[in-house]
Amino acid sequence: MILQGCATAPKGGDQDVDPIDPHEKVNRASYDITDRVDRVVFEPVVNAYIDYVPNAAQRSIGNFYDNLSYPNVVLNSFLQGKVKQGFQDTLRFFVNSSVGMFGLFDMATHMGLQKNDEDFGQTLGVWGFNPGSYLFIPFLGPSSERDVSSIPVSIFTNVLFYAGLAVGSAFAAPLTVLGAIDKRARLIGPMRIRDEAALDPYLFVREASLQQREFLVHDGKLPLDLYYEPFQDNPFDKGSEKQKQKKTD
């Protein structure tokens, strides 16, 4: 929230400041701190987790945490006006919570209930809110002035949050730590690609995350003008001006 209060436009018209990332110095510092902690603390633990925990157990653990956070998907499906998807997501949550033994087994997918990925940042994007400037949240990762609002929403829609309130931190803390390890283990592939291929890891993470967010907001149906301005008129559309011109020629 404090970072949201910062000016997104460079003062004095400084041409050296990237309008997408005007807080680059702060973001890079946050990235460097997070990366160092990850390499010293998380990476050795995650490598041991991957080496010694069977793949079937890893899948069940991942399913369990996906199910705990799935009410966030249900809420935002409805907020985006996807009523049919919202009811399907609700049914998926109840099926996996019951038949799937608290989400350890993804029975809903076998029943044809597709898994979706929605959050409040995407909802704001669907409502027309611009992403604003890029932000890197320490220990949480890449975000934006728009998407940072999804953090508290995801917390208050997570079943683990209420389980911690009901049972106590002694129950919730170990599950939270295991959840962090599981999330980091799922990123092991992209992190290795970053380390091996990226000349500037910070820019690699920034560009990849911004593109992924646009992909999610548009449900994979990106408008052509996001890529290249001349393609605002889709040349493959039967009703486009270019197709009409070909017919007249």
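User: Which residues make up the largest nonpolar core?
Analyst: In this predicted model, the largest nonpolar core has eleven residues: Val46, Tyr49, Ile61, Phe64, Tyr65, Leu68, Leu160, Leu175, Ile181, Ala185 and Ile188. At least two residues of this core come from each of H1, H2 and H9.

User: Which helix gives the most to this core?
Analyst: That is H2, with four residues.

User: What is Leu68 in contact with, leaving aside its neighbours within four places in sequence?
Analyst: Leu68 is in contact with Thr157, Asn158, Val159 and Leu160.

User: Turning to H9, which of its residues are buried?
Analyst: The buried residues of H9 are Ala172, Leu175, Gly179, Ile181, Asp182, Arg184 and Ala185.

User: And what covers them?
Analyst: The cover includes helix H1 (24-52), helix H2 (55-68), helix H8 (159-167) and helix H10 (188-197).

User: How does the span of H9 agree with its 18 residues?
Analyst: Helix H9 covers residues 169-186, and at 1.5 Å a residue it should span 26 Å. Its end C-alpha atoms are 25 Å apart, which agrees.

User: New topic: at what angle do H1 and H11 pack?
Analyst: H1 and helix H11 (residues 201-217) pack at about 105°, and their axes are 11 Å apart. Angles of 65 to 115 degrees count as roughly perpendicular, and H1 and H11 are therefore roughly perpendicular to each other.

User: Which residues meet there?
Analyst: From H1, Glu24, Asn27, Arg28 and Tyr31 meet Pro201, Tyr202, Leu203, Val205 and Arg206 of H11.

User: How many of the residues in that contact are nonpolar, polar or charged?
Analyst: The contact of H1 with H11 has five nonpolar, one polar and three charged residues.

Technical notes. Residues are numbered from 1 along each chain as its sequence is written. This is a predicted model: local features need pLDDT of at least 70, side-chain atom pairs count only at pLDDT 80 or more; totals for chains, interfaces and linings use all residues. Side-chain values use heavy atoms; hydrogens and water are left out. The expected span of a helix is 1.5 Å times one less than its number of residues. Buried means under 20% relative accessible area, exposed over 50%, partly exposed in between (1.4 Å probe, protein chains only). Contact means heavy atoms within 4.5 Å. A nonpolar core is a set of buried Ala, Val, Leu, Ile, Met, Phe, Trp, Tyr and Cys residues joined through side-chain atoms within 4.5 Å. Axes are lines fitted to C-alpha atoms, for helices over the stretch in contact, and angles run from 0 to 180 degrees between N-to-C directions. Angles under 35 degrees count as roughly parallel, over 145 as roughly antiparallel, 65 to 115 as roughly perpendicular and the rest as oblique. Ala, Val, Leu, Ile, Met, Phe, Trp, Tyr, Cys and Pro count as nonpolar, Asp, Glu, Lys and Arg as charged, and the others, Gly among them, as polar.
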